[in-house]
Amino acid sequence: MADTQLERSGTERAKTAGMVMVAWVALLWALEAIDIATGHALDPYGVTPRDLSELRDIVPSAFLHDGFGHVAANTVPLLVLGFLAALRGIRRFAGVVAMIILAAGLGVWLTSPGDTVSLGASGVVFGLFGYVVVRGFVDRDAVDVVVGLVIAALYGSILWGVLPTDAGISWQAHLFGLLGGVGAAFAFRRRTCPSPAG
């Protein structure tokens with residue numbers, strides 16, 4: 001009976017995680033369609049560094065992109081990494097994503113060149129990568145350690161994106177998103193109850 005309940009619980013979590021990620025990606029595509037249809041009216045919601053009024057754009061900037069090619073580049077890794085992260089619970093996932101968005105956005109606001117506007121979900125992608133890779137070690141969960149190692153092998157090459165090699169790409173969002181994801185693995189680690197003294 002317990003095994004059946006665990007199986008059902010795992011299936012329900014997977015369904016919920018899948019629906020959340022499909023809805024998220026659909027929202028990103030819908031927002032980009034609106035942006036293009038309105039002559040890029042949403043682009044000003046990207047982050048311009050060191051302007052206090054731009055701090056309010058940190059959250060919306062993570063949901064906006066510079067064309068369909070930009071959304072497409074983030075779609076598959078966001079679906080995969082987000083699904084794996086959300087399997088451990090939607091509330092925990094929401095906290096992790098919020099921390100990543102704030103870390104990436106503040107990092108961009110503080111360190112990017114002043115004449116730039118940064119937007120896109122790639123900071124979140126890097127953050128989720130860092131979170132999924134590190135989470136198992138922090139939680140001491142063998143399954144998550146294996147998942148993290150597989151993800152590191154499959155997506156590890158994205159780490160080149162934290163280097164300032166392309167003037168048109170916000171490496172700052174990548175770097176600070178990654179750091180935010182690693183930090184989130186510690187901030188939202190599983191709390192274990194101490195065993196009663198015997």
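I began with the largest pocket: 24 residues line it, and His-70, Ser-122, Gly-168, Ile-169 and Ser-170 lie nearest its centre. I noted the terms used here. A pocket is an open set of points on a 1 Å grid over the protein atoms alone, with protein on both sides within 12 Å along at least five of seven lines; a lining residue has an atom within 4 Å of a point. Helices (H or I, at least four residues) and strands (E, at least two) are DSSP runs, numbered from the N terminus.

I checked what I was looking at. This is a predicted model, where local features need pLDDT of at least 70 and side-chain atom pairs count only at pLDDT 80 or more, while totals for chains, interfaces and linings use all residues. Residues are numbered from 1 along each chain as its sequence is written, and side-chain values use heavy atoms, with hydrogens and water left out.

Next I looked up confidence. pLDDT is the predictor's confidence in each residue, from 0 to 100. The protein averages 92, and 92% of the residues score at least 70. Over residues 193-198 pLDDT stays under 50, and the model has 0 contacts there beyond four places in sequence. Contact means heavy atoms within 4.5 Å.

Back to the largest pocket. Its volume is about 570 Å³. A volume is the space filled by probe spheres set on the points, and grid points are joined across faces, edges and corners. α3 gives the largest share of the lining, 4 residues. I sorted the lining by class: 11 nonpolar, 10 polar and 3 charged residues. Ala, Val, Leu, Ile, Met, Phe, Trp, Tyr, Cys and Pro count as nonpolar, Asp, Glu, Lys and Arg as charged, and the others, Gly among them, as polar.

Then I turned to cavities, sets of points where a 1.4 Å probe fits but cannot get out. I found 1 cavity of 30 Å³ or more. The largest cavity has a volume of about 160 Å³. Its lining has 17 residues, with Ser-61, Ala-104, Val-108, Gly-120 and Ala-173 nearest the centre. α2 (58-61), α4 (90-111) and α5 each supply at least two. The largest share, 5 residues, comes from α4. By class I read 10 nonpolar, 7 polar and no charged residues.

Last, I picked Ile-101 in helix α4. Ile-101 is buried, at 8% relative accessible area. Buried means under 20% (1.4 Å probe, protein chains only). Beyond four places in sequence, Ile-101 is in contact with Ile-58, Val-59, Ala-62, Phe-63 and Val-124.

Notes: Buried means under 20% relative accessible area, exposed over 50%, partly exposed in between (1.4 Å probe, protein chains only).
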